[in-house]
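Take a look at the sequence and the structure below.

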2 protein chains.
Amino acid sequence: MTPAPIRFSHQSHRTSDSPIGYFMRMAIETPHLISLAAGLVDEESLPAGPIADAVAHVLSDPRSAQAALQYGTTQGLLSLREKIVEHLARADSMTVSELPYDVRDIVVTTGSQQLLYLIGELLLDPGDIVITEAPSYFVYHSLLESLDVRVLTVPMDEQGMIVDALEERLKHLDHTGQLDRLKLIYTVDYFQNPTGLTLSLARRERLVELARQYSRKHRVLILEDAAYRELRFDGVDIPSIKRFDDTNEYVMTTYTFSKPCAPGLKTGYGILPRQLIAPMLNLKGNHDFGSSNFVQHIIDRLLATGAYYQHVAQLCDVYRLKRDTMRSALEQHFGDLDGARWTEPRGGLYFWLTLPGDINTGPEGELIKAAIQEGVLYVPGEFGHVSVEGPLPTHEARLSFGVVSVELIPEALRRLRIAVDRVRMGKLATQPA
Amino acid sequence: MTPAPIRFSHQSHRTSDSPIGYFMRMAIETPHLISLAAGLVDEESLPAGPIADAVAHVLSDPRSAQAALQYGTTQGLLSLREKIVEHLARADSMTVSELPYDVRDIVVTTGSQQLLYLIGELLLDPGDIVITEAPSYFVYHSLLESLDVRVLTVPMDEQGMIVDALEERLKHLDHTGQLDRLKLIYTVDYFQNPTGLTLSLARRERLVELARQYSRKHRVLILEDAAYRELRFDGVDIPSIKRFDDTNEYVMTTYTFSKPCAPGLKTGYGILPRQLIAPMLNLKGNHDFGSSNFVQHIIDRLLATGAYYQHVAQLCDVYRLKRDTMRSALEQHFGDLDGARWTEPRGGLYFWLTLPGDINTGPEGELIKAAIQEGVLYVPGEFGHVSVEGPLPTHEARLSFGVVSVELIPEALRRLRIAVDRVRMGKLATQPA
């Protein structure tokens with residue numbers, strides 16, 4: 001007998017399969033492919049030794065073992081939050097006492113993704129507005145869709161989000177009476193996923209000023225997703241957007257240990273304005289009343305011994321070589337293709353490739369089929385765009401140098417160029433002679 | 001300048017601080033107290049050695065280290081899910097091939113709490129109805145409040161939820177046209193938190209029949225929270241409610257490794273009807289795209305070597321002694337108190353103490369103040385009740401033997417009895433002579 005149908009929630013109906021999940025499965029299931037799609041990290045450099053040492057240390061003493069294996073707190077391990085504050089102060093060239101926040105304003109979560117989700121749940125009601133960059137992080141877009149939020153976008157250039165365009169957006173929202181629905185401005189401000197672009201220093205300061213200025217009846221908050229900050233290969237680190245929020249009132253910043261350390265640990269953290277902490281912990285209490293305490297003790301030890309910092313430095317060397325190799329390969333295989341261009345990431349895991357307008361990179365287009373046949377996978381650029389205004393750009397691609405070995409990068413780009421040429425020849429063949 | 005106010009979401013406004021959080025903080029902050037309140041586990045028996053061995057094994061081989069430290073999948077580690085299925089088959093005295101579910105129907109989560117939350121998000125809209133036991137697990141009640149769900153309760157006796165009373169509830173909902181809002185029946189069916197009671201075998205079968213019978217236009221699902229199942233001290237294990245759902249259509253069952261292994265690992269899992277899996281993974285993708293992969297590899301190893309089972313057996317010995325000690329102490333210190341009675345848990349972590357009706361155990365009552373002054377803490381029974389119908393019982397208490405050392409249990413009960421006597425004497429003193 002067929003049972004009565006299951007009635008799902010409205011939110012469940014709004015929640016779709018993430019395209020990134022599809023690509024991760026495809027990469028796992030078809031190992032002959034060279035995947036420039038998966039958001040996985042370099043495998044050889046994963047810090048197995050330092051983590052083994054940290055675990056052995058934590059578990060060797062009965063007291064620390066008990067502390068690590070017992071329940072922790074919803075907010076996260078205090079000694080880890082203390083080290084996080086020191087770490088953040090150093091990164092922004094300040095002393096701990098100069099910071100406008102402290103351990104009470106830090107929350108440790110199951111990756112930074114959980115914090116992005118919780119912030120959404122904390123602030124957003126259906127119909128509220130969030131402004132993101134175009135393109136932006138696709139998983140965040142599915143999260144916003146799930147919460148029935150309206151997404152507006154601001155274009156980017158080599159200096160990241162175009163803050164003048166943001167100001168125009170804000171003015172327009174104000175003039176049309178929609179400012180009361182705007183809750184958040186979201187930016188991946190270091191080596192953005194998917195473009196590799198970084199928000200310039202001048203624009204950071206301006207962004208905070210705009211949030212202040214347009215916080216009329218309620219506060220417009222900035223959500224700074226700094227997941228890739230520590231993966232810088234050239235030049236000097238630039239201050240966080242948070243650095244310009246000198247009263248800890250306008251900016252929430254999320255970080256993760258997944259990219260600079262190990263995704264398997266699945267631990268992230270963030271700084272929030274103090275007023276958000278208690279309501280956030282109430283929500284997180286319902287979700288899980290605290291992320292893995294054992295893993296937090298491991299990371300605490302990695303930070304205490306400095307093994308974490310040694311690892312990040314080594315990791316940047318690994319990724320720098322991959323980035324350089326991919327840049328050379330792009331030059332070699334796409335340098336002669338009119339209309340092709342790519343970003344110049346100074347860190348992170350991604351290049352953003354723009355192909356000539358007639359090459360459709362989309363999931364239903366010809367290029368992705370040809371690329372898979374040739375044995376290379378990329379992420380279609382349109383996943384990073386939101387289809388609320390005008391036509392989507394359909395000739396872009398995200399190329400990750402995260403998990404691919406440095407030896408295979410030139411071959412991957414060679415295959416991709418062959419795929420492009422095959423699509424073009426196919427088109428020529430179907431056109432009248 | 002005061003910034004504009006933050007506008008929180010409706011859900012955030014509905015989400016309050018968990019009483020369990022308050023008690024966990026109080027226990028941590030006032031260490032002279034003997035806490036019978038905290039839901040923490042026994043510390044001496046935490047499996048530091050087996051976990052250290054498992055980690056050393058996983059990280060010693062470069063391939064398994066890389067697999068454990070890389071991203072995992074949203075659903076959870078396949079080899080762990082395989083072992084979970086074998087474990088569940090054994091527990092319900094079936095072969096894997098006899099089970100109506102397989103690895104595709106298992107989801108691994110950040111503790112079973114996350115799965116309870118995700119199931120709520122998956123199925124429940126504001127105004128929907130969930131039936132729980134009275135009393136029930138308070139953290140689940142706050143979760144339901146956060147989701148703006150209506151909670152109806154069914155009383156319990158020594159055999160757990162009174163299924164005849166459930167049937168009356170269902171009939172009433174049907175006759176009053178409210179059955180279309182009923183989505184879930186929630187039960188903690190082994191050594192319940194907070195009462196220690198277990199649902200009898202006959203009632204398990206009947207519960208599934210009732211869910212089927214009242215699934216008219218849509219399915220009424222049972223949520224079986226089996227967190228304490230493995231902590232059985234006497235008698236033989238009884239089959240899960242899931243065991244009677246022979247088509248895997250009506251019952252969702254959640255388990256955790258926190259209670260039988262280590263809370264710090266923060267890993268739980270559940271079995272869901274197949275149709276729920278894809279929508280569940282879409283939601284979990286937004287939450288975190290997978291719980292800690294590293295921890296899943298550790299647990300996988302503990303199950304593979306059998307260390308997990310050895311640990312559970314030892315743990316049951318530890319808790320059995322504590323349970324016996326608490327039972328004797330209750331007899332010694334409360335046996336002569338007219339109107340006092342307590343449950344007889346055969347497993348789990350809790351006794352449920354009912355005091356004479358004139359003793360108010362509530363958070364604003366006199367007993368909790370007197371108890372803290374005497375140096376003992378319990379959880380007021382009213383936290384386990386929902387104030388939707390009639391007056392709350394105000395003379396009950398949850399006593400946990402989880403974290404308290406066996407040596408301190410008699411002293412804790414002695415102090416509690418003194419607190420009761422002080423409250424009574426205080427009352428006599430204020431009454432007219």
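Start with helix 9 (residues 201–213) of chain A, which lies across strand 5, strand 6, strand 7 and strand 8 of chain A. Helix 9 runs at about 150° to strand 7 of chain A. Helices (H or I, at least four residues) and strands (E, at least two) are DSSP runs, numbered from the N terminus. Axes are lines fitted to C-alpha atoms, for helices over the stretch in contact, and angles run from 0 to 180 degrees between N-to-C directions. Contact means C-beta atoms, placed from the backbone, within 7 Å.

This is a predicted model: local features need pLDDT of at least 70, side-chain atom pairs count only at pLDDT 80 or more, and totals for chains, interfaces and linings use all residues. Residues are numbered from 1 along each chain as its sequence is written, while chains are lettered from A and ligands numbered from 1 in the order in which they are written.

Now the sheet. It is open, has 8 strands in the order 2-9-8-7-6-3-4-5 (chain A), and its pairing is mixed. Two strands pair if DSSP finds at least two bridges between them. Strand 2 (106–109) and strand 5 (160–161) of chain A are the edges, each pairing on one side only. Strand 7 (residues 221–225) and strand 8 (residues 251–256) of chain A pair in the parallel sense over 4 bridges. There, A:I222 stands opposite A:V251.

What of the two chains?

Technical notes
Contact = placed C-beta atoms within 7 Å.
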